[in-house]
Structures are given as C-alpha cells and as structure tokens.
Amino acid sequence: MEGFPLSDPQFQKLIQSFSSLPGIGKKSATRIGFHILRMDPSTFRAWLSNIEEAKAKLRFCDECGGLTEDPVCSICLSDRRDNGILCVVEQPEDIFFIENTKEYVGKYHVLNGAISPLDGIGPDQLRIRQLIERLEDTGVKEVLIATNPTLEGDATASYLSTVIKPMEIKITRIAHGITIGGTLEYSDQYTLGKAIKSRLTL
C-alpha cells in the first residue's frame, strides 16, 4: 500500500467508523483500518461473520439486563449464586469486570447508564424502577452499588441510596481510592478524596 492516499474518501469512511467506537482515537482507527485492508478475504469474512453472529445472537437478560443468548442469563438462573445480595452496575460490561475478580458471588442489576442532568439522563431513563420491583419481590438483603467513581456515578449511588433506604435493605458501595502500588504524589485530588472517605479501620 505504498503511496496510499490517507485522504481517500473510502478510507476516511473506514476511519470514521472505527473512531466512533469508545476508546478508539484517529491514530488507532487508522492502524485498524490498514490492518483490515491487509487481511486476506477468507480471514476478513470469518472476522466479519463473528461480529454479525454476536450481534444477532446476543441480547439483554430480561432479569438483570446483562448480556446473554437466552431470555434469562446463566447468572440469574444459577442456584449457586447468593440471592441475598444484588450488585448494581452502570453497564452490562461491568458484570464481566467484576466476575473476573472471582470475589463476588451474588447477582446483578444493570442500570444502563448513570444519572447525568447535563446529558439529559435522569432516573426515569435508567432501569431504576425495575430495580425497585426486584427488591420488593426477591427478598434481597444487601444492595452493593458498584457505579463508577465519577460525578455521575456518585450522583447515581446517592440517588439509589435515598430510594432504597426506606426498604430497610443494607446498602453498601464499592470502595474507591488509590491504586495498589500507586503513590499520593501522583493521585489526583478526586481519587485521593475518595480514598480518604473510603478509609478502613485496622
């Protein structure tokens, strides 16, 4: 592809498509674009088929909102999970990250976002009503709020705490703070403040 014009309209459309993905900047999109163009036809067809198959078969669990191929996911159906604790997360992918820790054995509820007035997202735009209905019907004893340590995530956690508290259910929040191996010098003010608020008794 020596001498290939980066301004080519078709190539620019390809770059724009990849740049629209979260976490992909123009430089990364350009590298991905060239990689796609270098693929042999059979490899490209298999790659494209995997994406199309996943898009066609995966759906959101009717119970928790996580990703599954069935109406209800395996976590919700499992009798090995603790029904007494419900972990509330912002997005389906958050379940994947928490499961990788192998430290959590309860079930989940996905909000599909966080409260953000500037973006026009209020409680009614999230799956909070479904959460309350689950808490009323399933005998949950503890709600672990695992929203992100951002202003929006904190606002969502605060709202959920206010709504759930009258139900006399234990409310916990994942601790946030300094990364293991990190130092105070390189911690931003917000992270350091969260670490102080989440301090432990030794």
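Good morning, colleagues. Please keep in mind throughout that the model on display is a predicted one.

Four strands make up an open sheet, and their order across it is 4-3-5-6. The pairing within this sheet is parallel. Which strands stand at the edges? They are strand 4, residues 106–110, and strand 6, residues 170–173. Each of these has a single partner strand, and therefore one side of each is left without a neighbour in the sheet. From one strand to the next, the twist averages 25°.

Let us look at one of these pairings in detail. Strand 3, which covers residues 82–89, pairs with strand 4 in the parallel sense, over 5 bridges. If you wish to locate this pairing on the screen, please find C87, which stands opposite Y108 in strand 4. Helix 5, residues 92–101, packs on the sheet and touches both strand 3 and strand 4. The direction of helix 5 makes about 155° with that of strand 4.

I turn now to the helices. Helix 6, residues 128–137, packs with helix 7, residues 151–164. The angle between them is about 40°, and their axes are 12 Å apart. The crossing of helix 6 past helix 7 is right-handed. Which residues of the two helices meet? From helix 6 come I128, L131, I132 and L135; from helix 7 come Y159, L160, V163 and I164.

As background, most residues other than glycine have a negative phi. Two residues deserve attention here. N112, in the loop between strand 4 and helix 6, has a phi near 65°, a positive value in a residue other than glycine. E168 is located in the loop between helix 7 and strand 6. E168 is not a glycine either, and its phi is positive, at about 60°.

How exposed are these residues? N112 has a relative accessible area of 39%, so it counts as partly exposed. E168 has a relative accessible area of 77% and is therefore classed as exposed, the cut-off for that class being over 50%.

To close, I would return to the two edges of the sheet, strand 4 and strand 6. The loop holding N112 runs between strand 4 and helix 6, and the loop holding E168 runs between helix 7 and strand 6. Thank you for your attention.

Note on methods: Residues are numbered from 1 along each chain as its sequence is written. This is a predicted model: local features need pLDDT of at least 70, side-chain atom pairs count only at pLDDT 80 or more; totals for chains, interfaces and linings use all residues. Side-chain values use heavy atoms; hydrogens and water are left out. Two strands pair if DSSP finds at least two bridges between them. Axes are lines fitted to C-alpha atoms, for helices over the stretch in contact, and angles run from 0 to 180 degrees between N-to-C directions. Contact means heavy atoms within 4.5 Å. A crossing is left-handed if the near helix is turned anticlockwise from the far one by less than a right angle, and right-handed if clockwise. Buried means under 20% relative accessible area, exposed over 50%, partly exposed in between (1.4 Å probe, protein chains only).
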